Amino acid sequence: MNLEFDFDNVEITEFGIGLDDVDDQDFCCMAVDDEVQSALREMAQTTWKSMCESTSEPPLYDPSEKYESFEYVHLPLDNELANRMRELHNADDLPMNSAALSDPTKIFCYFARMTDAEERRLTALHRATQFKGVLKSRLIFQRLITDALKFVEDNVFKLDKDFDLLIDASYVHILRPSAFEFAGNLQGAVLAAVPENIRLIQSELEFVDLSSVQNYAIKHPRAARYLASIRCQNQAQNVDRLALD
Amino acid sequence: MVGPHQNQGLKFVRLMMVLGSLSPLFILWAIRGNNLVPDRFFLPFCALMIVVPNAVLWQRENTAKKLKEKREIVVGKAEDHRDYLLVYLFTMLLPLYAVDLVTWRDFAAELAALGFIIFLFWHLNLYYLNILFAMRGYRIFTVYPPTDDNPITGKESQVLITRRVTVSPGDRLVVYRLSDTVYLEMDK
């Protein structure tokens, strides 16, 4: 599988964060200097390298599967499970917010958006760590007029060595499926999609009463994931009633 | 005009840009002089108020270029705001210049008026109305994001300072950031 992006000719590198709002998630950009931009590009390249070393034919992401913490899978960008990631990737003119780090508890992810010379866009996203991105770091600092070391406290935004996923024009390349599910708010999405998934599956399986399945799946994420999986992979098509009996 | 509710960084630079937008007034004051403050104090003050803010703006442009503070702006709708410069000239500059400073109370009132204008320019985010941009051939556009059904696409307008004569819907522009809502398209 190829990445539709040229790392050697990156024209623009932007940095942004995702914030948990009261009833939704917000995404905004923050200014970063050229060194940080370079670090973000290196992280994205490391991520792609890890994916390539992992497998050349990544399987399709299946919401009903249980994945390892580090496992390369892919999902077409037009798949309904990739809605949130598609919106982020395609969003234009994201607002700039210099004060976005003022409440680090709201940060749930950070991302980089890059544009190459052919105006192709790559979005790379990483889930915020357990420290929610901003660490109260205690750095050892050696003063100039003495050899004594002292602690200095400062707010530090910690970048990781790679990203959890990359998004190009066609696919979401997922290196850490759990991070994709978290950042893409997949659990909420599959739970919300239960009625629609039931309706579509029901249209294929008119001879089965799925109302009890719907009632169960609305409250149980695992069942909702199975429904989403059946729906996305069209597994309800051409099912023989006799075979079910 | 950019909404005053938008959160913007670079407070010092924005303040300097407000003062920079008042440069023509200080030039006129310096030429005209007054009977209250001796020229040996008044002229250096005016010179300072002209040079420092514009030097900061120049430095900000260079810093943005050096640090590659670039981003892509996609144009949904653009409005040419040449008329803002006229409004600025006739509603702010000329009335302030026309006042005769005969007494110290006149002088104090003039400074107070200047303070109000600085506050309003700051509060209403009108700090990009710098006549130097016009002299360098730049135009000012207010750019609105595309209206699509993507909930993440930006909703706030941005100010674009560019040498382009027209900015059309669908244009994708690579611009340098002067502040969170003001962007400068420099020559390559």
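1. From the N terminus on, chain B runs α-α-α-β-β-α-α-α-β-β-β-β, a total of six helices and six strands. Helices here are DSSP runs of H or I with at least four residues, strands are runs of E with at least two, and both are numbered from the N terminus. The C-alpha trace of chain B spans about 60 × 30 × 30 Å along its principal axes.

2. This is a predicted model, in which local features need pLDDT of at least 70 and side-chain atom pairs count only at pLDDT 80 or more, while totals for chains, interfaces and linings use all residues. Residues are numbered from 1 along each chain as its sequence is written, with chains lettered from A and ligands numbered from 1 in the order in which they are written.

3. On confidence, the model scores ipTM 0.81 and pTM 0.82. Chain B has a mean pLDDT (the predictor's confidence in each residue, from 0 to 100) of 87, and 95% of its residues reach 70 or more. Residues 1-5 of chain B stay under 50, and the model has 13 contacts for them beyond four places in sequence. Where pLDDT is low, the predicted coordinates should not be read in detail.

4. Of the 188 residues of chain B, 31% count as buried. A residue is buried if 20 or more other C-beta atoms lie within 10 Å of its own, exposed if 12 or fewer, and partly exposed in between, with C-beta atoms placed from the backbone. Contacts are residue pairs whose C-beta atoms, placed in that way, lie within 7 Å. Among contacts in chain B with a separation of 6 or more, 71% join residues 24 or more positions apart.

5. Helix 3 of chain B covers residues 39-66, 28 residues in total, and reaches 39 Å from its first C-alpha to its last, close to the 40 Å expected at 1.5 Å a residue. That expected span is 1.5 Å times one less than the number of residues. Its buried residues are C46(B), M49(B), I50(B), P53(B), L57(B), R60(B) and A64(B). Their cover includes helix 1 (11-21), helix 2 (23-32) and strand 5 of chain B. Just after helix 3 of chain B, K68(B) has a positive phi of about 55 degrees.

6. The six strands of chain B form an open sheet in the order 1-5-6-4-3-2, with mixed pairing. Strand 1 and strand 2 (77-80) of chain B are the edge strands, each pairing on one side only. Two strands pair if DSSP finds at least two bridges between them. From one strand to the next the twist averages 40 degrees; axes are lines fitted to C-alpha atoms, for helices over the stretch in contact, and angles run from 0 to 180 degrees between N-to-C directions. Strand 3 (residues 139-144) and strand 4 (residues 158-162) of chain B pair in the antiparallel sense over five bridges. V143(B) stands opposite Q158(B) in strand 4 of chain B.

7. The contact between the chains takes 24 residues from chain B and 23 residues from chain A. On the side of chain B that touches chain A, strand 1 (70-74) and strand 5 (172-177) of chain B each supply at least two residues. Strand 1 of chain B gives the most, with five residues. By class, this side of chain B has eight nonpolar, seven polar and nine charged residues. Ala, Val, Leu, Ile, Met, Phe, Trp, Tyr, Cys and Pro count as nonpolar, Asp, Glu, Lys and Arg as charged, and the others, Gly among them, as polar.

8. In chain A, N83(A) is found in helix 2 (residues 83-90). N83(A) counts as partly exposed because it has 16 C-beta neighbours inside 10 Å. N83(A) and G184(A) are 101 residues apart in sequence, with their C-alpha atoms 7.7 Å apart in space.

Conventions
Two residues are in contact if their C-beta atoms, placed from the backbone, lie within 7 Å.
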